[in-house]
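Let me put the structure up, and then I'll walk you through the bits I'd like us to look at together.

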Amino acid sequence: MLTNAKGKTTVLLWILGFTGPALSVEKKTNVVISGWPLEVGNLGQAVLSEDPLMGTLVCPSLTRLNLNALKSEAYLLEKLDDNGEQWTFKLKSGLKWWDKSAVSGEQLAEFLRLELPVAVEKQGLRTWHLPAMDLTVNGPQVTIHWKSKPLFGPYVLNNSPFRQKFEGIESLAFQCAGELKPEKEASTVHLIAANGLRLDLQPSSVSNDPPFIDFRFGEELHPNRSKRQLDEALKCDQAIDTPFITLLAWNPAGRWTSDPTFRRAMTHLIPRGALLRSGAGSLGDLISGPILRAHPGYKRNLLVPAYDLGKAEQLLNKLGYKRSEQDGYRRTPQGELMELRILVHDFEGSTLLRKVLDDSLRAIGLKTVFTGKMENNVDAVLASVASSWPDANLSSFLHSKSVDSPWPWRYQDAALDQALVTYALSLTRLKPDFTFLEKVHDLVYKLEPFSILMQHRVCLEAKLGAAEMRKLKIGVKNPDWFAELLDPLVFSVGSTASPDRQNR
């Protein structure tokens with residue numbers, strides 16, 4: 001789902017550069033990972049997030065979606081069989097909890113009893129029927145016997161981190177079957193591997209001494225004595241797509257924003273290309289919907305609306321919103337002054353972005369008021385948010401029955417609701433049908449609930465040893481990209497997962 005990304009629109013200013021990990025490391029040591037965009041103030045929430053580090057190495061799910069393979073797969077399971085009214089789960093051998101105790105079939109069964117109803121309720125937005133079920137345990141194998149065939153498939157568990165209640169870890173009431181155990185110390189989170197290596201997650205860079213993996217903001221890379229020209233692209237040897245998107249979410253029941261034509265006019269008048277170049281050094285992408293271009297469900301023939309002030313003015317005039325000859329502001333046919341009230345989550349950190357938006361809106365005769373306070377009568381929300389990845393399930397913030405939408409409103413469109421449900425249901429099967437997501441994309445494109453400013457990329461500078469450096473090709477469709485980046489230190493020498501991890 002879309003959630004506040006660090007609560008800031010300053011993600012717009014990310015500028016970062018990558019060299020690659022070492023071929024080998026002679027001594028196991030601590031690795032500092034700085035600037036990774038994960039909010040760790042609430043450790044439990046961070047650990048249970050779908051973050052590529054946490055969700056793969058710290059607290060993974062039993063199953064996951066692999067976009068490289070275009071299907072879901074068992075991850076902590078040796079096998080998963082779906083025979084309609086019977087599902088069979090078999091744990092991988094040697095699987096252990098953080099306290100090094102073995103994971104048992106009984107613990108798997110207890111997890112399924114507790115978490116399967118939660119996953120069904122969340123993914124189905126409380127509209128999917130959960131049939132009665134019985135569970136049997138045979139060693140590491142658990143079988144669910146359904147009283148009737150469920151509407152959904154077993155991969156409804158893709159986003160349910162496998163865990164059990166546990167009181168032995170400070171600030172957490174659970175433990176997971178991940179390979180890295182978290183510990184929090186002040187603002188730093190330590191992730192500890194079985195071989196004794198410790199990864200230190202820190203908010204900002206503290207040292208250039210290897211080994212480190214550093215995600216840095218632009219001002220840290222470009223000191224005052226070396227100012228970058230506003231339209232100059234930043235040099236980045238390896239840019240990585242992120243699900244972070246900066247956008248304006250429009251109130252579907254607003255005075256003027258309830259009309260899709262008005263919303264499209266707003267998109268046309270915002271200089272998104274200039275913002276991408278000046279704010280992010282071209283380190284990002286312009287997209288036509290809240291879905292990464294890298295996703296197989298992104299409909300590529302839906303072109304990004306052009307920056308076109310003439311088109312925006314034409315659409316507003318067509319709606320009857322004409323500029324006054326006296327003061328230049330637009331008014332409704334009834335003479336009401338048109339003023340847009342925009343809620344900004346990171347009010348203090350968004351000065352530049354607010355200035356650009358204010359100038360753009362005023363240039364076409366619209367008055368703008370920005371507020372940092374949650375108000376019922378706002379016409380839009382300006383925020384940097386994290387889109388759901390890798391599933392790109394947009395239900396939680398676009399479906400009319402969403403219970404955890406980040407916006408102070410709900411969108412109401414029957415066709416969009418149906419398309420969202422159809423795709424969400426597809427995600428619970430072995431092979432999701434991404435044409436259903438293309439249908440969602442098509443409807444969102446026509447409805448224009450958002451004016452999307454950009455999707456962000458990051459670069460990272462990584463030095464993991466003194467040996468010859470190599471470049472590691474990173475693709476976000478690979479669910480193990482973070483693990484493979486760390487692989488030389490955490491698991492084995494080389495660019496692929498160690499046999500121990502592959503056989504888990």
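This is a predicted model: local features need pLDDT of at least 70, side-chain atom pairs count only at pLDDT 80 or more; totals for chains, interfaces and linings use all residues.

So, Thr368 sits in strand S20, which covers residues 367-371. Is Thr368 buried or exposed? With a relative accessibility of 8%, Thr368 counts as buried, because the cut-off for buried is under 20%. Who does Thr368 touch, once you leave aside its neighbours within four places in sequence? The contacts are Leu340, Ile342, Asp358, Leu361 and Arg362.

You'll find Gly335 in the loop that runs between strand S18 (330-331) and strand S19 (339-344). Gly335 has a relative accessibility of 41%, so it counts as partly exposed.

Next up, a sheet. This one is open, has 4 strands in the order S5-S6-S8-S7, and the pairing is antiparallel. Which strands are at the edges? Those are S5 (77-82) and S7 (133-138); each has a single partner strand, so one side of each has no neighbour in the sheet. On average, and ignoring direction, neighbouring strands here are turned by 10 degrees against each other.

Let's zoom in on the S7 end. S7 pairs with strand S8, residues 141-146, in the antiparallel sense, and there are 6 bridges between them. If you'd like a landmark, Asn138 stands opposite Gln141 in S8. Then there's helix H3, residues 105-123, which packs on this sheet and touches strand S6 (86-91), S7 and S8. The direction of H3 makes about 165 degrees with that of S7.

On to the insides. In soluble globular proteins, nonpolar side chains tend to be buried together. Here, the largest nonpolar core has 73 residues. Which members touch the most other members? Those are Ile33, Val47, Leu191, Ile213, Leu398, Trp407 and Phe450. Helix H12, residues 481-490, gives the most to this core, with 5 residues.

The partners are Cys59 and Cys176, with their sulfur atoms 2.0 Å apart. The S-S torsion is about -70 degrees, so this disulfide is left-handed. Cys59 is in the loop between helix H2 (54-58) and strand S3 (63-66), while Cys176 is in strand S10 (residues 174-176), so the pair ties together parts that are 117 residues apart in sequence. And both Cys59 and Cys176 are buried.

Last topic: salt bridges. The structure holds 20 salt bridges, and I'll show you a few. Asp480 and Arg64 form one, with the closest N and O atoms 2.9 Å apart. That pair links distant parts of the chain, 416 residues apart: Asp480 is in the loop between strand S23 (461-463) and H12, and Arg64 is in strand S3. Asp480 is buried, with a relative accessible area of 14%, and Arg64 counts as buried too, at 13%.

Compare that with Lys79 and Asp81, whose side chains meet in a salt bridge at 3.7 Å, N to O. Here Lys79 is partly exposed at 32% relative accessibility, and Asp81 is partly exposed at 31%.

Then look at Asp241 and Arg457, where the side chains meet in a salt bridge at 3.0 Å, N to O. Asp241 lies in strand S15 (residues 239-250) and Arg457 in strand S22 (residues 450-459), so this pair ties together parts that are 216 residues apart in sequence. Arg457 counts as partly exposed, at 22%. And the pair belongs to a network of salt bridges that links Asp241, Asp285, Arg293 and Arg457.

Definitions and conventions:
Residues are numbered from 1 along each chain as its sequence is written. Side-chain values use heavy atoms; hydrogens and water are left out. Two strands pair if DSSP finds at least two bridges between them. Helices (H or I, at least four residues) and strands (E, at least two) are DSSP runs, numbered from the N terminus. Axes are lines fitted to C-alpha atoms, for helices over the stretch in contact, and angles run from 0 to 180 degrees between N-to-C directions. Contact means heavy atoms within 4.5 Å. A nonpolar core is a set of buried Ala, Val, Leu, Ile, Met, Phe, Trp, Tyr and Cys residues joined through side-chain atoms within 4.5 Å. Buried means under 20% relative accessible area, exposed over 50%, partly exposed in between (1.4 Å probe, protein chains only). A disulfide is a pair of cysteine sulfur atoms within 2.5 Å. A salt bridge is a side-chain nitrogen of Lys or Arg within 4 Å of a carboxyl oxygen of Asp or Glu.
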